[in-house]
Amino acid sequence: PYGVEPTAEALDKWFIGGAADKSPAHADRAGHSTRFCQWWLGRIEAVLGSAGFAVGDSLTLADVLIYNVFAEHLSEEQGPGLPAWRREPFGSKERVDKALADYPNIRAS
């Protein structure tokens, strides 16, 4: 989502800043400006199935989209000339993997 290399401050804000919410209930619009990574991960985790798939017991488009957003990345060989922040989800695969450690249903999807 970045057109320029994200600063350490921007990455910190996205990955460790903001509100947290693990509710499947409707979101309150009042807190929309503080919704960063932990908020989204909590909300997604709350509605995912626990059988290793996002929905039901087989692979669906939801699983593919979760993989695309949180896990798909390019190696240096696959993206020659691209800096790491352009090849990794949200500018830092290491930070994404660390953030996902607390969300087993997302990791399993």
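A salt bridge (a side-chain nitrogen of Lys or Arg within 4 Å of a carboxyl oxygen of Asp or Glu) joins the side chains of Arg95 and Asp12 in this predicted model, with an N to O distance of 2.8 Å. Because Arg95 belongs to helix α5 and Asp12 to helix α1 (residues 8-16), the pair ties together parts that are 83 residues apart in sequence. Helices are taken here as DSSP runs of H or I of at least four residues, and strands as runs of E of at least two, numbered from the N terminus. Arg95 counts as partly exposed, at 26% relative accessibility, and Asp12 likewise counts as partly exposed, at 30%; in these terms, buried means under 20% relative accessible area, exposed means over 50%, and partly exposed lies in between, as computed with a 1.4 Å probe on protein chains only.

Residues are numbered from 1 along each chain as its sequence is written, and side-chain values rest on heavy atoms, with hydrogens and water left out. Local features need pLDDT of at least 70 and side-chain atom pairs count only at pLDDT 80 or more, whereas totals for chains, interfaces and linings use all residues.

A search of the whole structure finds three salt bridges. In one of them, the side chains of Asp21 and Arg43 meet at 2.8 Å, N to O; since Asp21 lies in the loop between α1 and α2 (37-47) and Arg43 in helix α2, this pair ties together parts that are 22 residues apart in sequence. Arg43 counts as buried, at 14% relative accessibility. A further salt bridge links Lys93 with Asp97, the closest N and O atoms being 2.8 Å apart, and both of these residues lie in helix α5, four residues apart, about one turn of the helix. Asp97 is partly exposed, with a relative accessibility of 36%.

Helix α5 has Val96, Ala99 and Leu100 as its buried residues. They cover an arc (that of the directions from the helix axis to the C-beta atoms) of only 95 degrees around the axis, which puts them on the same side of α5. The cover over these buried residues includes α1, α2, α3 (61-70) and α6 (104-108), contact being defined as heavy atoms within 4.5 Å. The face of α5 turned away from its buried side carries the exposed residues Glu94 and Lys98.
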